[in-house]
Amino acid sequence: DWTDKVDALSAAASAMLETDDMETLREQFEPFTQATEALLVTFHAGQLGPIYKVHCPMAFDDEGADWLDSREEVHNPYFGEMMYSCGYVTDTLAE
């Protein structure tokens, strides 16, 4: 049900807005990404242009985490300047 996906995105965004701590913000970014991806897939968001799913294998003590980006180049939000180019594109959600 798409309303559940909207609720999940809203909850993830709210959790991100409730913190000023960068580490906590990065932890909340993964569920935000998952909820956004679910909505993009549900609504076949191809008209948005290219949307890449990018994976950082080292995030969260090597558990890994994904993010969505309009750029194919890696700009890692989990490590920032420390490892800005760590990661690789795993999928293209929209063309």
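Visitor: At which residue does helix 2 bend?

Guide: Please keep in mind, as we look, that this is a predicted model. Helix 2 bends by about 25 degrees, and a proline, P31, follows within four residues of the bend. The residue at which helix 2 bends is F29.

Visitor: How far apart are the end C-alpha atoms of helix 2?

Guide: Helix 2 takes in residues 22-42, which makes 21 residues. At 1.5 Å a residue, helix 2 should therefore span 30 Å, and the model agrees with this, since its end C-alpha atoms are apart by 30 Å.

Visitor: Just after helix 2, which residue takes a positive phi?

Guide: The phi in question is about 45 degrees, and it belongs to a residue that comes just after helix 2. That residue is H44.

Visitor: How many disulfides does the structure hold?

Guide: A disulfide is a covalent bond between the sulfur atoms of two cysteines. C56 is buried, with a relative accessible area of 0%, and C86 is buried as well, with a relative accessible area of 13%. The closest cysteine sulfur to that of C56 is in C86, but the distance is 3.8 Å, which is too far for a bond because the cut-off is within 2.5 Å. The number of disulfides in the structure is zero.

Note on methods. Residues numbered from 1 in each chain as written. Predicted model: local features only at pLDDT ≥ 70, side-chain atom pairs only at ≥ 80, totals over all residues. Heavy atoms only, no water. Helix = DSSP H or I, 4+ residues; strand = E, 2+ residues; numbered from the N terminus. Expected span 1.5 Å × (residues − 1). Bend = angle between axes of the 7 residues up to and from the residue. Buried < 20%, exposed > 50% of the residue type's maximum accessible area, 1.4 Å probe, protein only.
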